[in-house]
Amino acid sequence: MCNIKAIFFILSSFLLSACGGSGSSDTPGSSIPTPERYLVSTSFNDGGAITPLSFRTSGDGSKVFKVELEQGYELASISGCGGQLDGYNFSVEDIDKNCTIEATFTPLQYTVKVQTLTGGWVAQPSYQVVHGEKIDFTVHPNSDHYIESTTGCGGHLVDLKYTTGAVVADCTVTVAFKSHFPLPSEGIERIRLPVVVHVLENEYVEISDEQIMSQIEATNKHFRGMNYNELESIDEQFKPYIADTGIQLYLASHDPNGNPHSGINRKFANLSVISAEHAYAKSEKGGIDVWPTDQYLNVWVGYGRDFKGTLGLVGRANIPGLVEDRVIGVVVAHTAFGVIQPREPRFDEGKTLTHELGHLLGLIGHTHGMPTDKNTHSHLTCDGKPLTSCKNSDLSMSFMNSEVDDNGQRMFSISQRQVMVEWVTSGPLQPLYLNTQ
């Protein structure tokens, strides 16, 4: 019996040793290794989010992170962990170390366009606006127009400032202007010409912006045949020849360098504007240089008396072809410029500028006196038709009759309109016409 137990013990020991070790699982060094796990984290700024915020992985397999946007923001960039973006899903796979997914969100930007129709301007044609913000800008009507309407981008106009609503998409503001004067009759072109008024100020000369604007408005009425009260008093036989020339003036909105400008250019100068040497138009003599005559009508306003205080000529036109280019334009004594009283007796209705502009626009000579080769219009029929008996020299109430005071000058004729329009559109002032229409 003892021998059998001994043999069994010996065989059991041999079999255990043949299996390569002990059968106990608690022997030190015998446990299975735990797989390493890596952390995928996220980082982002305001304007959006990434979900989940983090993820642990053993390295194999893939994970999709969702990109979420707040209203008014867009995804500018996303990278990290070797991931790939598909739409708003960012996928990572086979992670072998801790890493971070980084995203940047930026506010959406929109374009606000500003469309201005004829008669005014704004400083910028478009603006870039961040989502939800507002912008404001100033609307500048030309002096012969006013603001008729402003619409778009949920905004509103107060005085001359337009403020949009909160901008949440590209949008357009449209500004429409309306002329102080209606369109001419069919077949007559509206010709708008920018004017710069150079004011030579000194201890004797003071003229306000309002006075200057009153003159531009009055001259426009004269050229457009809208001085209705005066025209009513004209004899019936001459009324058919009253012309709407279609010509309008407005104060220039920008200087020759393109900078915004009022169209009123002031300088202190002890000079007279009634000077044969034209010192008022020469900076080296203390005057104000002409602005380019192919872009502006130049008007100089200043002292019009001699050293004794006697009033000389109240106005003069420097006509293309008859003077050097640097002085082309019109000069008017400041006391005869504008219609806000008090003004110069006899020259207090703003007719001096109207008369001199008539010369500048091609009406050479006057309606009175003997017709000469230098007179381009007094001998013409009042309507330009060959068989009409009325001649411009018959029109004692013409703006081009210098023998009457302001209260006697009331009209341009149809043939005078024809001369001026031709002078502007195809004659010496054609460059101005082509550059400004």
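1. Arginine 192 lies over the face of tyrosine 250, at 4.2 Å from the ring centre.

2. On confidence, the chain has a mean pLDDT of 90, and 90% of its residues reach 70 or more. Residues 1-25 stand below 50 in pLDDT, and beyond near neighbours in sequence this stretch has three contacts in the model. Where pLDDT is low, the predicted coordinates should not be read in detail.

3. The overall make-up of the chain comes next. The chain contains six helices and 23 strands. Of its 437 residues, 44% count as buried. Among contacts between residues at least 6 apart in sequence, 63% join residues at least 24 apart.

4. Seven aromatic pairs are present in the structure. One of them joins phenylalanine 223 and phenylalanine 412 in a tilted arrangement, with 4.8 Å from centre to centre and 40 degrees between the planes. This pair links distant parts of the chain: phenylalanine 223 belongs to helix 2 (residues 209-223), while phenylalanine 412 sits in the loop between helix 4 (351-360) and helix 5 (414-425), 189 residues apart. Both phenylalanine 223 and phenylalanine 412 are buried.

5. Tryptophan 291 and tyrosine 296 form an edge-to-face pair, 4.9 Å centre to centre and with 70 degrees between the planes. Tryptophan 291 has a relative accessible area of 9% and is therefore buried. Tyrosine 296, at 6% relative accessibility, likewise counts as buried. Elsewhere, ring pairs link Tyr127, Phe137 and Tyr162 into a cluster.

6. A search of the whole structure finds one cavity of 30 Å³ or more, and the volume of the largest cavity is about 40 Å³. Its lining consists of Thr293, Tyr296, Leu297, Asn298, Ile328, Gly329, Leu360, Leu429 and Leu432.

7. Which residues lie nearest the centre of the largest pocket? They are Val314, Gly315, His355, Glu356 and Ser402, out of a lining of 20 residues. The pocket holds about 380 Å³ of space. Strand 22 (315-318) and helix 4 are the elements that give two or more residues to the lining, and helix 4 supplies the largest share, five residues.

8. Is helix 4 largely enclosed or exposed? Because 10 of its 10 residues are buried, helix 4 is largely enclosed by the rest of the structure. The buried residues of helix 4 include His355, Glu356 and His359, as well as Lys351 and Leu360. Of these, His355 and Glu356 are among the residues nearest the centre of the largest pocket, and Leu360 is one of the residues lining the largest cavity. Just after the helix, glycine 362 takes a positive phi of about 110 degrees.

9. Glycine 408 is placed in the loop between helix 4 and helix 5. With 18% relative accessibility, glycine 408 counts as buried, since the cut-off is under 20%. Glycine 408 touches Ser396 and Met397, leaving aside residues up to four places away in sequence. From glycine 408 to lysine 351 the C-alpha to C-alpha distance is 9.6 Å, although the two are 57 residues apart in sequence.

10. Threonine 425 is part of helix 5. Its relative accessible area is 18%, so threonine 425 is buried. Not counting residues up to four places away in sequence, threonine 425 touches Glu189, Ile191, Gln430 and Tyr433.

11. Most residues other than glycine have a negative phi, and most peptide bonds are trans. The peptide bond from threonine 51 to proline 52 is cis, with omega near 0 degrees; proline 52 is in the loop between strand 2 (48-51) and strand 3 (54-57). The bond from glutamine 341 to proline 342 is also cis, with omega near 5 degrees, and proline 342 lies in the loop between strand 23 (329-333) and helix 4.

12. Two residues other than glycine carry a positive phi: cysteine 81, at about 60 degrees, and aspartate 94, near 50 degrees. Cysteine 81 lies in the loop between strand 5 (73-79) and strand 6 (84-86), and aspartate 94 in the loop between strand 7 (89-93) and strand 8 (99-107). Cysteine 81 is buried, with a relative accessible area of 15%, whereas aspartate 94 counts as exposed at 53% relative accessibility.

Terms used
Residues numbered from 1 in each chain as written. Predicted model: local features only at pLDDT ≥ 70, side-chain atom pairs only at ≥ 80, totals over all residues. Heavy atoms only, no water. pLDDT = per-residue confidence, 0-100. Contact = heavy atoms within 4.5 Å. Phe/Tyr/Trp six-rings, centres within 6.5 Å; stacked < 30°, edge-to-face > 60°. Helix = DSSP H or I, 4+ residues; strand = E, 2+ residues; numbered from the N terminus. Buried < 20%, exposed > 50% of the residue type's maximum accessible area, 1.4 Å probe, protein only. Lys NZ or Arg CZ within 6 Å of the ring centre and 35° of its normal. 1 Å grid on protein atoms, 1.4 Å probe; cavity = no way out; pocket = protein on both sides within 12 Å on 5 of 7 lines; lining within 4 Å. Points joined across faces, edges and corners; volume = space filled by probe spheres on them.
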